[in-house]
Amino acid sequence: MESGADSGAGVEGGAGADSNGEFLRCFGRQMKLLREAAGLTQAQLGERVGYGEAQIAAVEQGRRIPRPELVDAVDREVCGRGVLVVMKGEGQAVELHAYSDHVVKGILQTEEYARAVFRMWRPLLDEETIEQGVTARMERRKLFARRPAPLLSFVIEEHVLQRPLGGPKVLRGQLEQLLLYGHERNVELQVMPTPLEATYRVLAAQALTPRESLAFIQKLLGEL
(Lines give C-alpha, C1' and ligand atoms only; values in the text may rest on other atoms or scores of the structure.)
Protein backbone atom coordinates (compact mmCIF):
# COMPACT_ATOMS: atom_id res chain seq x y z
CA MET A 1 0.00 0.00 0.00
CA GLU A 2 1.08 3.55 -0.54
CA SER A 3 0.22 6.52 1.59
CA GLY A 4 -2.30 8.93 0.16
CA ALA A 5 -4.33 11.96 1.09
CA ASP A 6 -6.88 9.86 2.94
CA SER A 7 -4.72 7.01 4.15
CA GLY A 8 -2.56 8.36 6.92
CA ALA A 9 0.60 6.28 6.93
CA GLY A 10 0.86 3.76 4.14
CA VAL A 11 3.19 0.87 3.49
CA GLU A 12 6.62 1.07 2.01
CA GLY A 13 7.72 -0.97 -0.99
CA GLY A 14 6.34 -1.81 -4.41
CA ALA A 15 4.25 -4.93 -3.97
CA GLY A 16 1.87 -3.79 -6.70
CA ALA A 17 -1.76 -2.77 -6.76
CA ASP A 18 -3.09 -6.36 -6.83
CA SER A 19 -1.12 -7.39 -3.74
CA ASN A 20 -2.17 -4.22 -1.98
CA GLY A 21 -5.82 -4.86 -2.75
CA GLU A 22 -5.60 -8.45 -1.52
CA PHE A 23 -4.02 -7.30 1.72
CA LEU A 24 -6.68 -4.64 2.30
CA ARG A 25 -9.48 -7.14 1.72
CA CYS A 26 -7.83 -9.66 4.03
CA PHE A 27 -7.34 -7.02 6.73
CA GLY A 28 -10.96 -5.93 6.36
CA ARG A 29 -12.29 -9.47 6.78
CA GLN A 30 -10.16 -10.01 9.87
CA MET A 31 -11.37 -6.70 11.35
CA LYS A 32 -14.99 -7.65 10.66
CA LEU A 33 -14.49 -11.07 12.25
CA LEU A 34 -13.10 -9.54 15.44
CA ARG A 35 -15.79 -6.84 15.55
CA GLU A 36 -18.58 -9.39 15.27
CA ALA A 37 -16.94 -11.64 17.86
CA ALA A 38 -16.95 -8.62 20.21
CA GLY A 39 -20.68 -8.15 19.57
CA LEU A 40 -20.33 -4.69 18.03
CA THR A 41 -22.04 -3.18 14.99
CA GLN A 42 -20.05 -1.01 12.60
CA ALA A 43 -21.78 2.05 14.04
CA GLN A 44 -20.95 1.07 17.62
CA LEU A 45 -17.31 0.40 16.81
CA GLY A 46 -17.05 3.65 14.89
CA GLU A 47 -18.43 5.58 17.85
CA ARG A 48 -15.88 4.00 20.19
CA VAL A 49 -12.89 4.81 17.99
CA GLY A 50 -14.04 8.19 16.71
CA TYR A 51 -14.88 7.19 13.13
CA GLY A 52 -18.11 7.12 11.18
CA GLU A 53 -19.99 3.93 10.34
CA ALA A 54 -19.29 4.45 6.63
CA GLN A 55 -15.54 4.68 7.29
CA ILE A 56 -15.55 1.45 9.30
CA ALA A 57 -17.53 -0.26 6.52
CA ALA A 58 -15.07 0.97 3.89
CA VAL A 59 -12.12 -0.49 5.79
CA GLU A 60 -13.91 -3.81 6.32
CA GLN A 61 -14.70 -4.00 2.60
CA GLY A 62 -11.08 -3.34 1.66
CA ARG A 63 -11.91 -0.01 0.01
CA ARG A 64 -10.02 2.23 2.41
CA ILE A 65 -6.51 2.13 3.83
CA PRO A 66 -6.85 2.28 7.64
CA ARG A 67 -4.81 4.86 9.48
CA PRO A 68 -2.32 3.37 11.96
CA GLU A 69 -4.13 4.98 14.90
CA LEU A 70 -7.42 3.44 13.75
CA VAL A 71 -5.85 -0.01 13.61
CA ASP A 72 -4.51 0.36 17.15
CA ALA A 73 -7.83 1.68 18.48
CA VAL A 74 -9.93 -1.03 16.81
CA ASP A 75 -7.60 -3.77 18.05
CA ARG A 76 -8.12 -2.52 21.62
CA GLU A 77 -11.90 -2.19 21.33
CA VAL A 78 -12.47 -5.65 19.84
CA CYS A 79 -9.95 -7.35 22.17
CA GLY A 80 -7.88 -8.33 19.15
CA ARG A 81 -4.83 -9.09 21.31
CA GLY A 82 -2.56 -7.53 18.71
CA VAL A 83 -3.92 -9.43 15.70
CA LEU A 84 -4.73 -6.30 13.72
CA VAL A 85 -1.60 -4.50 14.87
CA VAL A 86 0.53 -7.36 13.56
CA MET A 87 -1.35 -7.33 10.26
CA LYS A 88 -0.60 -3.64 9.95
CA GLY A 89 3.06 -4.60 10.00
CA GLU A 90 2.47 -7.42 7.50
CA GLY A 91 1.33 -4.88 4.96
CA GLN A 92 4.91 -3.71 4.60
CA ALA A 93 6.49 -5.16 1.51
CA VAL A 94 10.07 -4.83 2.74
CA GLU A 95 10.32 -6.50 6.16
CA LEU A 96 8.23 -8.23 8.80
CA HIS A 97 9.51 -9.13 12.26
CA ALA A 98 7.21 -10.93 14.69
CA TYR A 99 7.45 -12.61 18.10
CA SER A 100 5.21 -15.51 19.18
CA ASP A 101 4.66 -16.27 22.84
CA HIS A 102 1.17 -17.82 22.71
CA VAL A 103 0.48 -19.46 19.34
CA VAL A 104 2.25 -19.61 15.99
CA LYS A 105 1.73 -16.34 14.12
CA GLY A 106 -1.27 -16.35 11.81
CA ILE A 107 0.74 -15.88 8.64
CA LEU A 108 2.67 -19.09 9.41
CA GLN A 109 -0.34 -21.20 10.38
CA THR A 110 -1.67 -24.19 8.48
CA GLU A 111 -5.40 -24.26 7.82
CA GLU A 112 -5.95 -26.94 10.47
CA TYR A 113 -3.88 -25.10 13.08
CA ALA A 114 -5.67 -21.82 12.36
CA ARG A 115 -9.02 -23.53 12.78
CA ALA A 116 -7.91 -24.96 16.13
CA VAL A 117 -6.83 -21.49 17.27
CA PHE A 118 -10.20 -19.95 16.38
CA ARG A 119 -12.04 -22.79 18.10
CA MET A 120 -10.36 -22.00 21.42
CA TRP A 121 -11.38 -18.32 21.37
CA ARG A 122 -13.63 -17.06 24.16
CA PRO A 123 -16.42 -16.17 23.80
CA LEU A 124 -16.96 -19.13 21.49
CA LEU A 125 -17.20 -18.35 17.77
CA ASP A 126 -19.84 -19.93 15.54
CA GLU A 127 -18.74 -22.16 12.66
CA GLU A 128 -19.35 -19.55 9.97
CA THR A 129 -17.21 -17.00 11.80
CA ILE A 130 -14.47 -19.58 12.33
CA GLU A 131 -14.37 -20.45 8.63
CA GLN A 132 -14.30 -16.77 7.66
CA GLY A 133 -11.35 -16.28 9.98
CA VAL A 134 -9.50 -19.29 8.60
CA THR A 135 -10.04 -18.12 5.03
CA ALA A 136 -8.75 -14.64 5.83
CA ARG A 137 -5.74 -16.09 7.61
CA MET A 138 -4.86 -18.33 4.65
CA GLU A 139 -4.97 -15.34 2.31
CA ARG A 140 -2.38 -13.59 4.46
CA ARG A 141 0.13 -16.25 3.41
CA LYS A 142 0.24 -14.66 -0.05
CA LEU A 143 2.84 -12.37 1.48
CA PHE A 144 5.34 -15.21 0.93
CA ALA A 145 4.77 -14.98 -2.82
CA ARG A 146 5.30 -11.24 -3.12
CA ARG A 147 8.01 -9.95 -5.39
CA PRO A 148 10.39 -8.51 -4.54
CA ALA A 149 10.42 -11.00 -1.68
CA PRO A 150 10.12 -9.33 1.75
CA LEU A 151 12.42 -10.27 4.60
CA LEU A 152 10.36 -12.24 7.12
CA SER A 153 11.75 -12.87 10.58
CA PHE A 154 10.01 -14.78 13.38
CA VAL A 155 11.02 -15.57 16.96
CA ILE A 156 8.87 -18.31 18.51
CA GLU A 157 8.94 -19.36 22.15
CA GLU A 158 9.72 -23.04 22.60
CA HIS A 159 6.51 -23.89 24.45
CA VAL A 160 4.44 -22.57 21.51
CA LEU A 161 5.88 -25.34 19.32
CA GLN A 162 5.09 -27.97 21.94
CA ARG A 163 1.48 -26.91 22.49
CA PRO A 164 -0.70 -29.55 20.78
CA LEU A 165 -3.47 -27.28 19.50
CA GLY A 166 -5.88 -29.44 17.52
CA GLY A 167 -4.04 -32.61 18.51
CA PRO A 168 -0.72 -34.26 17.53
CA LYS A 169 -1.60 -34.56 13.83
CA VAL A 170 -2.35 -30.82 13.55
CA LEU A 171 0.82 -29.95 15.44
CA ARG A 172 2.87 -32.21 13.18
CA GLY A 173 1.48 -30.48 10.10
CA GLN A 174 2.26 -27.09 11.60
CA LEU A 175 5.85 -28.04 12.44
CA GLU A 176 6.34 -29.44 8.93
CA GLN A 177 5.11 -26.17 7.44
CA LEU A 178 7.45 -24.17 9.66
CA LEU A 179 10.35 -26.25 8.36
CA LEU A 180 9.32 -25.53 4.78
CA TYR A 181 9.06 -21.80 5.42
CA GLY A 182 12.30 -21.80 7.39
CA HIS A 183 14.27 -23.03 4.39
CA GLU A 184 13.14 -20.12 2.23
CA ARG A 185 15.97 -17.65 1.61
CA ASN A 186 13.95 -14.65 2.77
CA VAL A 187 12.57 -16.28 5.93
CA GLU A 188 14.28 -16.58 9.30
CA LEU A 189 12.77 -18.65 12.12
CA GLN A 190 14.29 -18.60 15.59
CA VAL A 191 13.18 -20.60 18.62
CA MET A 192 13.38 -18.90 22.01
CA PRO A 193 14.31 -21.59 24.60
CA THR A 194 13.17 -19.58 27.63
CA PRO A 195 10.41 -16.94 27.85
CA LEU A 196 11.89 -13.52 28.42
CA GLU A 197 10.29 -10.11 28.77
CA ALA A 198 12.44 -7.75 26.77
CA THR A 199 12.54 -5.97 23.47
CA TYR A 200 12.39 -7.86 20.21
CA ARG A 201 16.04 -7.19 19.43
CA VAL A 202 17.18 -8.59 22.78
CA LEU A 203 15.00 -11.66 22.29
CA ALA A 204 16.28 -12.25 18.78
CA ALA A 205 19.86 -11.91 19.95
CA GLN A 206 19.36 -14.60 22.62
CA ALA A 207 17.30 -17.00 20.54
CA LEU A 208 18.65 -20.03 18.72
CA THR A 209 20.09 -19.25 15.30
CA PRO A 210 17.85 -19.95 12.29
CA ARG A 211 19.84 -23.13 11.55
CA GLU A 212 19.61 -24.29 15.19
CA SER A 213 15.91 -23.44 15.24
CA LEU A 214 15.14 -25.60 12.21
CA ALA A 215 17.07 -28.43 13.80
CA PHE A 216 15.02 -27.98 16.98
CA ILE A 217 11.73 -28.14 15.04
CA GLN A 218 13.00 -31.25 13.22
CA LYS A 219 13.77 -32.81 16.61
CA LEU A 220 10.25 -32.10 17.84
CA LEU A 221 8.82 -33.77 14.74
CA GLY A 222 10.86 -36.86 15.49
CA GLU A 223 9.43 -37.02 18.99
CA LEU A 224 5.77 -36.94 17.90
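The legends below describe several close-up views of a predicted model.

In this predicted model, local features need pLDDT of at least 70 and side-chain atom pairs count only at pLDDT 80 or more, while totals for chains, interfaces and linings use all residues. Residues are numbered from 1 along each chain as its sequence is written, and side-chain values use heavy atoms, with hydrogens and water left out.

**View 1. The overall layout of helices and strands.** The protein has 11 helices and three strands, where helices (H or I, at least four residues) and strands (E, at least two) are DSSP runs numbered from the N terminus. Read along the sequence, these elements follow the pattern α-α-α-α-α-β-α-α-β-α-α-β-α-α. Of the 224 residues, 50% count as buried; buried means under 20% relative accessible area, exposed means over 50%, and partly exposed lies in between (1.4 Å probe, protein chains only). Among contacts with a separation of 6 or more, 68% join residues 24 or more positions apart, a contact being heavy atoms within 4.5 Å.

View 2. In helix H2, which spans residues 42-49, the buried residues are Gln42, Leu45, Gly46 and Val49. Seen down the axis of H2, these buried residues fall within an arc of 100°, so they line one face of the helix; the arc is that of the directions from the helix axis to the C-beta atoms. The face of H2 turned away from the buried side carries the exposed residues Glu47 and Arg48. After H2 comes Gly50, whose phi is positive, near 80°.

**View 3. The largest nonpolar core around Leu161.** A nonpolar core is a set of buried Ala, Val, Leu, Ile, Met, Phe, Trp, Tyr and Cys residues joined through side-chain atoms within 4.5 Å. The largest such core has 58 residues, of which Leu108, Phe154, Leu161 and Leu178 touch the most other members, and helix H9 (residues 168-182) gives the most to this core, with six residues. Leaving aside residues up to four places away in sequence, Leu161 touches a set of residues including Val104, Ile156, Leu171, Leu175, Leu178 and Phe216. In soluble globular proteins, nonpolar side chains tend to be buried together.

View 4. In one of them, the side chains of Glu139 and Arg29 meet at 2.2 Å, N to O. Glu139 lies in helix H7 (residues 127-139) and Arg29 in helix H1 (residues 17-37), so the pair ties together parts that are 110 residues apart in sequence. Glu139 is partly exposed at 25% relative accessibility, and Arg29 is also partly exposed, at 33%.

View 5. Glu111 and Arg115 form a salt bridge of 3.0 Å, N to O, and both lie in helix H6 (residues 111-119), four residues apart, about one turn of the helix. Glu111 is partly exposed, with a relative accessible area of 38%, whereas Arg115 counts as buried at 17%. Glu111, Arg115 and Glu131 are linked in a network of salt bridges. In helix H11 (residues 210-223), Lys219 and Glu223 are likewise four residues apart, about one helical turn, and the closest N and O atoms of their salt bridge are 2.6 Å apart.

Definitions and conventions
Salt bridge = Lys/Arg side-chain N within 4 Å of Asp/Glu carboxyl O.
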